Structure formats: structure tokens, C-alpha cells
Amino acid sequence: MTREKTKIAMPFHQGFSEFHLINVSFQDSGVYYCSVKKGPGMRSNGTGTEVTVYVPPTPITITRLSSQFLTLLCTTASFFPEEFNLTWYENDRIITSGINTTKFQEREGLHQVSSSLYPVEIGLVYTCQVSHVSLVDPANDSYLVSDQGKKGSGFSYAVALSWTAGCFLILVLAIVVRQYKLERSHGDTVAEEIDSQVEEQVIHKGKVEDPAYADLHFNEHRKMWKPRNEKATVVYTNINYLSVQDQF
């Protein structure tokens, strides 16, 4: 038995021998011969068996070129053998003009094809179809030409716009709520300070004194209540106080 990487030849036995190819690639394609040596200087060769390893050209992809002209480009994956057939369709109608197809061979020996189509019209569906011996049915890709410039870009743009608007509204709402909480907290602090000042004025050294009422003024700039000590002639706020008497 001989072995060369993925090629295995079984020894000749009872007029029969086998040759195995494991994990084949397109490079294993070719004509294989069986040779039998019968005696000194005598060799018999078979007629040969041709083996072809197919590599399909899929996937097929259509892209829109970034240029001032509406041009579509159809490209195939690397394939083998090189024979193929490429056809463009416009809304299921075969296109015979405005097509430029280029085939080139890669360093490894595989082939690839690119085909451009110009001009194209907005609102129409274009299909690139490729036939190859490796395919049971032709492979294809379709493209709807829109004024957005990309497949499905209209939907993506609408989703992105809605998401941005929603984030902006949430941000504005968060700022408003935070500002409201800060103003409310500051207002409660001012009210507590006023109550504390009034109690200190009402109860002083165990004696009941006339309270110096707080005059509240509204400041238009900061929109906050600010206390100001005034004489008894100012307008009194409606504050109830408790009279405390000394007890012995």
C-alpha cells in the first residue's frame, strides 16, 4: 500500500486493486491510469479515468457601485472548472446590452467572474443568474434599485431615525424629571429653615415673645421662595405657633 497525503493505493491482489482519494480538492482533478507490470520490460496501462472535482461559484452577490451613475456589479465566488454562463434579468426580462463581464484566474487555479450592468432604473428588480456544471439549478441574486443606494436601506434608515428620536425624547424627559426633583428638594429645605427660624423667635429663654413673622418673596430669576425678616408691619404669613409658658 502506498500513501501520498490524501491518495491511497491498495496493493494488487487477485487481479484487483483500489485507489482512494480522501478529502479531495479541485487540484485532484485529472486523468488517472492503472499500470500493470507483467515481466521484465513488459508493462500494460489502462485507458485512464478522468476525475473532475467541481467547485461551485456560489454565493452570487449583487452590489451597487458608489458612483454618480446607477451601476450594479454581480460577482461570483471562486469556482472550478472555468466554464460558466451568466445572464442578467430586468423584472424577469433578459438584458442583452449594457453588460461588461470579466473572468480572471486566481493563483491557486480557481476562477472568478464579475459582471457590471449599466444603466439601471430606480424601482426595478435586477437579477444576476449563473449556470455551472457543479450546480443542479442556476444560482442567482436579485437587487431592487432604490433611491437610498443600498438593499433594504429605506427600512434601515426609518428604524435608525425612530431609534434616534426615541433616545432623544428619553433624554429630555430624564433632564426635566431631574430638574423638577432638584427644585422640589431645594424648596423643602427653604421651608424647613423658615419653620426653624420662627420657632427660635417664638420660644426664647423660656419666655413667650412676639414672633418676627417671615415675609416670603418670590424671586423671578431663580423661581424660589426666599425668607426675609421684617418688622411687624409686613404682611404676615399664615403660620401657627405654640405659646409655651414657664412651669415651676
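**Close-up views of a predicted model**

View 1. F19 is partly exposed, with a relative accessible area of 43% (partly exposed lies between buried, under 20%, and exposed, over 50%, using a 1.4 Å probe and protein chains only). Y32 is partly exposed too, at 22%. F19 sits in strand β3 (residues 19-21) and Y32 in strand β4 (residues 30-32), so the pair ties together parts 13 residues apart in sequence (strands are DSSP runs of E, at least two residues, numbered from the N terminus). This is a predicted model, where local features need pLDDT of at least 70 and side-chain atom pairs need 80 or more, while totals for chains, interfaces and linings use all residues. Residues are numbered from 1 along each chain, and side-chain values use heavy atoms, without hydrogens or water.

**View 2. F26 and F80 form another tilted pair.** Their centres are 5.3 Å apart, with planes at 45°. F26 is in the loop between β3 and β4 and F80 in the loop between β9 and β10, 54 residues apart. Both F26 and F80 are buried.

**View 3. Here is the largest nonpolar core, with 19 residues.** Such a core joins buried Ala, Val, Leu, Ile, Met, Phe, Trp, Tyr and Cys residues through side-chain atoms within 4.5 Å. Among the residues with the most contacts inside this core are I62, W88 and Y126. Strand β14 (125-131) is one of those supplying at least two residues; the largest share, three residues, comes from β14.

Note on methods. Helices (H or I, at least four residues) and strands (E, at least two) are DSSP runs, numbered from the N terminus. Rings of Phe, Tyr and Trp (its six-membered ring) pair if their centres lie within 6.5 Å; planes under 30 degrees apart count as stacked, over 60 as edge-to-face and the rest as tilted.
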